[in-house]
Each structure stands twice: as C-alpha cells, then as structure tokens.
Amino acid sequence: MAENAVSMRVNSELLPRFVGKIVRLTCRPVEMKTDAWTVQACDGGTVTVTLQPDSLTTDAYYEVIGGVTSDTTIKMYRSKNLGNELDMTLVNDTINLMHDPRFYSGIFEE
C-alpha cells in the first residue's frame, strides 16, 4: 500500500460504495481464524477481513486498513489496535456525519 494512499473511514453500510478502494474500518472481532476475521463494524454490521500473516492480537477493538474486495470483505493491509474500550456508537455517528452530503464535499473535495 502506498504511504500517501487515501483511505476513507467507513462502516459496513458504506462498504459497497468503496469496492476497489482503500478504507479504514473500526471494528470488533467476533470470530478470529488464522486467515480471516469476522468482525462487527461500528454500525453493527458484519464484515469479513482477510488477514496479513501474524495479525492476530488480543485487543477488543481495531481499525482495519485495507482494500475492499466485495460488499462485505476487506483485504487487510494493516491494522491498528484501539484498546479494550471504545464507544462504537460515537464512531459510527462520526462516520455518518463525514459521509453526509451536507458536509462531505467541504471535508473531502476541494
């Protein structure tokens, strides 16, 4: 992944709009296998994350950065541990505001 690549923060509802693009998904793992996680996104939806080797850890919350390969799947490029306490409702509300048409162009478009 290029260091200067743009990665939008999304929830599971917004994911289909970003197929083929790089995103950031705040999530909580529900099922962790060696090659993929099933995660709960901040809006409560379920997403499959295909993993990089050695990416299993013990934190409760993560930000997954990766490429969207389908409406419900992200190929992980990297992840950030977000600790064991996080207000997912606040995260989801912030993401929804960022993508609200009233604000989107002022934030992301010149």
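Analyst: Here we go through the terms one at a time, setting values against their definitions. This is a predicted model, where local features need pLDDT of at least 70 and side-chain atom pairs count only at pLDDT 80 or more, while totals for chains, interfaces and linings use all residues. Residues are numbered from 1 along each chain as its sequence is written, and side-chain values use heavy atoms, leaving out hydrogens and water.

User: What makes up the protein, in helices and strands?

Analyst: The protein has two helices and six strands. Helices (H or I, at least four residues) and strands (E, at least two) are DSSP runs, numbered from the N terminus. Along the sequence they follow the pattern β-β-β-β-β-β-α-α.

User: Why is Thr 73 called buried?

Analyst: Buried means under 20% relative accessible area, exposed over 50%, and partly exposed in between (1.4 Å probe, protein chains only). Thr 73 has a relative accessible area of 17%, so it is buried. Across the protein, buried residues make up 39% of the 110 residues.

User: And why is Tyr 77 called partly exposed?

Analyst: Tyr 77 comes to 34% relative accessibility, so it counts as partly exposed. Tyr 77 lies in strand 6, and its C-alpha atom is separated by 6.7 Å from that of Gln 52, 25 residues apart along the chain.

User: What does the side chain of Thr 73 make a polar contact with?

Analyst: With the side chain of Ser 70, at 3.1 Å. A polar contact is a pair of N or O atoms within 3.5 Å; within protein, one must be able to donate a hydrogen and the other to accept it, and residues adjacent in sequence count only if both atoms are side-chain atoms. Thr 73 also touches residues including Leu 15, Val 47 and Gly 67, not counting those up to four places away in sequence. For such touching, contact means heavy atoms within 4.5 Å.

User: How do you know that strand 6 pairs with strand 5?

Analyst: Two strands pair if DSSP finds at least two bridges between them. Strand 5 (residues 62–70) and strand 6 pair in the antiparallel sense over eight bridges, with Gly 66 opposite Met 76. A hairpin of two residues joins strand 5 to strand 6. Strand 4 (residues 46–50) runs parallel to strand 6, joined by three bridges, and Val 49 has Ile 74 as its bridge partner.

User: What makes one face of helix 1 the buried one?

Analyst: In helix 1, Met 88, Val 91, Asn 92, Ile 95, Met 98 and His 99 are buried. Seen down the helix axis, these buried residues fall within an arc of 120 degrees, so they line one face. That arc is taken from the directions from the helix axis to the C-beta atoms. On the other side, Thr 89 and Leu 90 are exposed. Asp 87 caps the N-terminal end of helix 1, with a side-chain oxygen 3.1 Å from the backbone nitrogen of Thr 89.
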